[in-house]
Amino acid sequence: MHLMKTLLAATALVAVMGGSVYAKQLVFCSEASPAHFDPGPTTGGNDFDASSRTIYDRLVEFEHGGTAVIPGLAESWEVSADGLVYTFKLRSGVKFHTTPYFTPTRDLNADDVIFSLERQWKEDNPWNKYLEGISWDYFQGMDMPKFLKSVEKGADDLTVVITLNEPNAPMIANLGMDFASIVSKEYADQLLAKNDPAALADFSNKPVGTGAFVFVDYQTDAVIRYQAFADYWRGKVALDDLIFAITTDPAVRAQKLKAGECDIMSYPAPADVAGLQDDANLQVMEQEGLNIGYMSYNTTIAPMDNANVRKALSMAINKTAIVDAVYEGAGQVAKNLIPPTMWSYDDAIVDTTYDPEAAKKMLADAGVSGLTLDLWAMPVSRPYNPNAQRVAELIQADWAAVGVTANIVTYEWTEYRERGKQKDRPGAFQIGWTGDNGDPDNFFATLFSCSAIGVSNYSSWCNDDFEKTIQDAKKVSDQAERTALYTKAQEIFKAEEPAMTIAHSKVFMPMNKRVMGYTMDPLGIHRFDNVDVTE
């Protein structure tokens with residue numbers, strides 16, 4: 001509490017041009033600590049909020065409040081008729097941040113773009129393994145190594161040419177995602193020249209970007225501080241200071257918001273929404289989320305390598321009861337991997353029916369009795385699952401009714417995800433997803449392609465028919481053709497049940513009425529470059 005009072009006192013008067021004004025400060029009560037500040041190898045929304053959407057930019061961006069792609073660091077681009085060559089024209093005069101630990105000597109150029117992609121792609125790049133245990137999950141999960149043929153400088157220092165091995169319809173949208181954030185090659189070269197492995201970690205702990213906010217400091221598990229970048233290429237934003245107050249308990253976040261200790265909070269507990277809506281000092285935005293909460297079965301470990309066993313386990317679970325108890329009117333039962341608001345959603349799919357007696361018979365027919373499973377529960381609230389522990393308890397009771405014993409396990413959020421993607425991870429794993437770019441490929445391929453096993457395919461599921469279908473869908477640009485293929489993918493997914501789809505949720509964003517200009521984003525992004533505050 002004393003720390004927050006100190007931070008809020010930072011709105012002290014500052015002298016400007018002989019007068020006095022209040023520095024404009026916004027405090028965001030975020031839900032979890034970032035793993036670090038390099039968006040390339042991270043995967044969590046909390047990681048991206050703290051890095052890629054504050055410190056960095058990308059070649060292309062998504063419009064505020066939508067999924068349309070707009071120019072970013074690339075002011076324009078062209079795609080060849082065969083869909084293989086993408087030529088980007090970079091903006092002139094884009095500055096990197098000047099910090100106590102780095103002073104740039106040049107503006108953004110093609111070298112930075114090439115480095116930003118090649119460090120994730122080429123194993124002989126000195127930055128490919130610069131952190132212990134590093135993995136480029138999004139780069140791998142989006143199949144970038146398969147599609148990329150070359151990333152080269154074009155006719156001048158402000159031209160980048162990306163050549164593909166085969167057409168990839170979502171490529172432009174993919175380059176707007178967080179993993180494709182553009183970092184400083186000059187800063188990386190400076191650190192590498194120190195010839196000290198320990199110095200390389202500064203790249204993730206002392207970040208440098210071109211974004212709207214400059215990193216100031218991080219008090220581990222407590223506070224992240226940023227300042228507005230005066231030389232931002234779009235022009236300095238309205239805020240002067242941005243503070244992330246890391247607050248893992250949603251009830252405490254709500255209390256802090258009501259007490260004026262933060263201006264915006266992430267992911268309120270459903271039970272707290274009504275009280276927040278009734279507070280005269282607050283406004284609560286809401287929208288349908290582009291998300292899915294689900295539970296992955298490890299399909300490589302018996303007896304869950306049997307689709308009938310997986311379907312029986314799902315059939316034993318009362319999803320309606322889960323949504324009623326946990327989402328409290330802010331969610332709907334999910335029958336498909338993609339949400340109903342996304343194009344190609346197949347409403348004709350018939351969901352797995354809750355039928356404990358049929359589930360018991362299916363398990364018996366499969367020769368399964370006395371089954372004991374690990375049931376993983378996330379330690380944090382997410383938009384797609386506000387209380388995974390409670391969900392686990394309800395599933396545990398449902399499974400007990402059909403003779404299945406569930407042992408609930410959990411870990412700290414970053415460790416939870418790392419352990420979850422291990423190919424030999426036992427049991428059923430609660431996780432979820434908020435779309436990154438508005439394309440169905442971002443759900444199907446990122447979460448359940450063969451190449452995503454060990455990365456973001458927590459089911460370790462590789463199905464030849466499903467794989468061919470989603471890969472074929474990348475090669476055509478006609479949306480009707482792609483929809484037909486994604487319809488087939490949804491049918492295969494439901495028949496094979498590599499995961500039990502639980503719910504799609506509504507997302508709420510409570511904030512003080514002094515906050516102006518904030519836009520809710522269907523991609524689950526928290527951005528503050530368009531935000532202002534009144535005093």
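Searching the whole structure turns up three cavities of 30 Å³ or more. We're working with a predicted model, where local features need pLDDT of at least 70, side-chain atom pairs count only at pLDDT 80 or more, and totals for chains, interfaces and linings use all residues. Residues are numbered from 1 along each chain as its sequence is written, and side-chain values use heavy atoms, leaving out hydrogens and water.

**Exercise 1.** Describe the largest cavity and its lining.

*Solution.* Start with the volume: about 450 Å³. (A cavity is a set of points on a 1 Å grid over the protein atoms alone where a 1.4 Å probe fits but cannot get out; lining residues have an atom within 4 Å of a point.) Next, the lining has 32 residues, with Thr43, Gly44, Gly45, Tyr138 and Trp433 nearest the centre. Then look for the main contributor: strand 19 gives the most, four residues. (Strands are DSSP runs of E, at least two residues; helices are runs of H or I, at least four.)

**Exercise 2.** Work out how helix 18 and helix 19 pack.

*Solution.* First, get the geometry: helix 18 (residues 464-474) and helix 19 (residues 479-496) pack at about 160°, axes 9 Å apart. (Axes are lines fitted to C-alpha atoms over the stretch in contact, and angles run from 0 to 180 degrees between N-to-C directions.) That makes helix 18 roughly antiparallel to helix 19, a label for angles over 145 degrees. Finally, pick out the contact (heavy atoms within 4.5 Å): among its residues are Phe466 and Ile470 of helix 18 and Leu485 and Phe493 of helix 19.

Definitions and conventions:
Parallel < 35°, antiparallel > 145°, perpendicular 65-115°, else oblique. 1 Å grid on protein atoms, 1.4 Å probe; cavity = no way out; pocket = protein on both sides within 12 Å on 5 of 7 lines; lining within 4 Å. Points joined across faces, edges and corners; volume = space filled by probe spheres on them.
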